[in-house]
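Here is a brief report on one protein model.

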Amino acid sequence: MAAKLQAKDAEEWTYRGEGAVNLVLAYCGSSPHFVGKVLRIQKVSNDRRECENGHSALVNHESLLWGKFEGIVSAPTKEIAEHVYVQKVMCPLLGSEHVDAGIHVLVSREFLEAVDNKVLCQRPSWRVDAARVNPLRDSALLITDHSVFPHASGSLKEDFCVSVEIKPKGGFLPTSEFIAEGNAVKKRLTRFKMHQALKLHQRKISQISQYDPLDLFSGSKDRIQRAFKGLFLTPQNNFRVFLNGSIIFGGMGGTADSTSSAVAQSFHDGLKHVISAKDGMHIKGLVDLLTETIYKSGLLNRLLEVQKLDAIDIEGAIHAYYDIISQPCVVCRKIGGKRFSARYSSIHSMQRDDKVKIVRDYLISATAKDLSMMISFKPKINMDEESPHRAVFLEASKQTFCYKAFFIDLDMKPLKKMEYYYELDQQIVNYYVQMLKDTDVLDCDETTHESLNACTSVKNGGFFCRLPGFLRSIF
């Protein structure tokens with residue numbers, strides 16, 4: 001582990017982006033310890049009066065969940081427990097070749113405060129309003145910058161490479177018998193699509209995403225291509241593109257709702273260094289390259305298996321949760337009635353170990369539904385040169401690309417968050433069901449969903465599928 005980072009070291013780190021939990025910095029200095037690395041620093045909500053120092057052990061009930069994995073419960077700090085979680089739980093499930101657990105480096109309070117001040121003007125305003133760097137953490141996670149291909153020497157002076165960061169989200173429809181009859185729409189439409197309608201209503205986005213996770217996970221080349229077109233047209237916080245480690249497309253903090261012609265043209269100019277294509281066709285070339293890679297590599301197959309550990313949906317898992325924490329089931333009390341109580345009695349009568357497994361699997365699945373995936377490409381110039389990376393051939397440009405793929409943002413979800421997951425799930429579904437009632441729709445399929453969202457977009461002052469002519473020529 002390198003020496004503790006001090007206030008003066010903050011000048012060598014630049015803002016790369018952030019999610020709900022972590023701020024991500026890229027290294028721009030010359031220290032061999034950090035070249036080609038990024039630093040993930042935990043944030044704390046501005047609503048909290050006191051910051052957490054990371055020294056709190058797991059709560060007693062969390063020890064029940066993770067006791068079977070060596071090193072998690074015995075970890076001296078929450079930070080180390082979360083690191084072991086990635087190593088012991090997520091690595092075996094997703095494949096160690098696609099998971100970078102990273103290492104913890106020591107950071108001083110002065111370094112964290114200097115970073116917070118330095119990046120303040122670069123962060124999206126709504127992220128600044130929501131959270132800040134937690135100054136009480138004594139370490140941060142150092143991982144490889146997967147948006148670049150370093151030389152064996154560690155140098156980053158390399159041929160051009162392009163990388164994409166994707167948040168795939170949940171890739172299947174639940175079939176659980178514990179889903180309430182009034183929430184049956186969950187079995188026909190993805191959580192992602194229904195959540196889009198609620199976000200639009202709350203004015204968190206200005207238009208409905210054209211991305212459908214089911215397309216990306218479908219195994220169909222045509223549908224995978226459609227997924228990437230949707231991500232390009234409405235990236236939101238689900239899609240970003242980097243050229244040699246610098247972002248050239250997508251929002252720094254997830255603020256890019258849609259793609260303008262100016263942004264697309266600038267994006268084209270950057271891609272010219274990597275993809276051979278006729279003028280105006282470089283974005284399509286990247287879409288084809290991504291499609292070919294996902295289709296042939298099977299990268300998402302294991303991810304989908306992990307997501308499907310959520311076998312009985314949050315509407316079932318929440319009942320096991322209340323039994324684990326030895327509290328009366330709030331959900332049963334709310335819904336009442338003998339018929340509803342009978343539906344969930346099979347869960348409440350389970351052995352404790354079975355309930356623990358249900359909740360543990362649900363939280364692991366939540367990690368898999370919320371992670372990001374980095375895929376990086378560089379043209380293979382010398383076909384005789386051996387490479388540790390896999391290769392994919394792009395027929396349209398007759399190019400062979402080396403690529404690497406990693407899953408990142410593998411955060412361990414707190415047990416207490418089960419209540420939040422249930423409440424958010426009900427809020428999303430209740431809003432969508434009410435929207436169906438308001439429009440006198442008795443049933444909902446994909447076509448109906450698109451029409452409803454178009455109407456809702458207009459109603460909320462947003463826009464739906466307003467595609468510039470420049471982009472229509474591409475797609």
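## Ile 103 and strand S4

Leaving aside neighbours within four places in sequence, Ile 103 makes contact with His 83, Ala 140, Leu 141 and Leu 142. The model is predicted. Ile 103 belongs to strand S4, which covers residues 103-106. Leu 141 is 38 residues from Ile 103 in sequence, but the two are 5.7 Å apart in space, C-alpha to C-alpha.

Is Ile 103 buried or exposed, or does it fall in between? Its relative accessibility is 44%, so Ile 103 counts as partly exposed. The limits that apply are under 20% for buried and over 50% for exposed.

## Overall fold

The protein has 17 helices and twelve strands. It has 475 residues, and 53% of them count as buried. The accessible surface is about 21,900 Å². Carbon and sulfur atoms account for 51% of that surface.

The largest nonpolar core holds 88 residues. Which of its members touch the most other members? They are Trp 66, Phe 228, Phe 239, Ile 375 and Met 418. Setting aside residues up to four places away in sequence, Met 418 touches Ile 314, Ala 317, Ile 318, Tyr 321, Val 359, Tyr 362 and Leu 363.

A second core is separate and has 19 residues. Trp 13, Phe 34, Val 107 and Leu 142 are among them. Leu 142 is also one of the contacts of Ile 103.

## Aromatic pairs and a charge over a ring

The count of aromatic pairs is 14. One of them joins Trp 66 and Phe 69. Trp 66 has 1% relative accessibility, so it counts as buried. Phe 69 has a relative accessible area of 17%, so it is buried too.

Trp 13, Tyr 27 and Phe 34 make up one aromatic cluster. Trp 13 and Phe 34 also belong to the second core. Elsewhere, Lys 404 lies over the face of Phe 149, 4.9 Å from the ring centre.

## Helix H7

Helix H7 runs over residues 221-233.

The buried residues of H7 are Ile 224, Ala 227, Phe 228, Gly 230, Leu 231, Phe 232 and Leu 233. Phe 228 is also one of the members of the largest core that touch the most others.

## Val 24 in strand S2

Val 24 sits in strand S2, residues 22-27. Its relative accessibility is 18%, so Val 24 counts as buried. Val 38 is 14 residues away along the chain, with 6.7 Å between the two C-alpha atoms.

What does Val 24 touch, not counting residues up to four places away in sequence? Its partners are Thr 14, Tyr 15, Arg 16, Gly 17, Val 38, Leu 39 and Arg 40.

## Cys 161 in a loop

Cys 161 is placed in the loop between strand S6 (139-144) and strand S7 (162-166). Its relative accessibility is 2%, so Cys 161 counts as buried.

Neighbours within four places in sequence aside, Cys 161 contacts Ser 147, Val 148, Phe 149, Phe 242, Leu 243, Asn 244, Val 274, Phe 377 and Lys 378. Phe 149 is the residue whose ring face lies under Lys 404.

## Positive phi angles

Most residues other than glycine have a negative phi. Lys 169 is not a glycine, yet its phi is positive, at about 65°. Lys 169 lies in the loop between S7 and helix H5 (191-201).

Asp 313 also has a positive phi, near 70°. Where is Asp 313 found? Its place is in helix H11, residues 313-324. Asp 313 has a relative accessible area of 7%, so it is buried.

Key
Residues are numbered from 1 along each chain as its sequence is written. This is a predicted model: local features need pLDDT of at least 70, side-chain atom pairs count only at pLDDT 80 or more; totals for chains, interfaces and linings use all residues. Side-chain values use heavy atoms; hydrogens and water are left out. Helices (H or I, at least four residues) and strands (E, at least two) are DSSP runs, numbered from the N terminus. Buried means under 20% relative accessible area, exposed over 50%, partly exposed in between (1.4 Å probe, protein chains only). Accessible areas come from the Shrake-Rupley method with a 1.4 Å probe; for residues, only the protein chains shown count as cover. A nonpolar core is a set of buried Ala, Val, Leu, Ile, Met, Phe, Trp, Tyr and Cys residues joined through side-chain atoms within 4.5 Å. Contact means heavy atoms within 4.5 Å. Rings of Phe, Tyr and Trp (its six-membered ring) pair if their centres lie within 6.5 Å; planes under 30 degrees apart count as stacked, over 60 as edge-to-face and the rest as tilted. A charge sits over a ring if NZ of Lys or CZ of Arg is within 6 Å of the ring centre and within 35 degrees of the ring normal. The expected span of a helix is 1.5 Å times one less than its number of residues.
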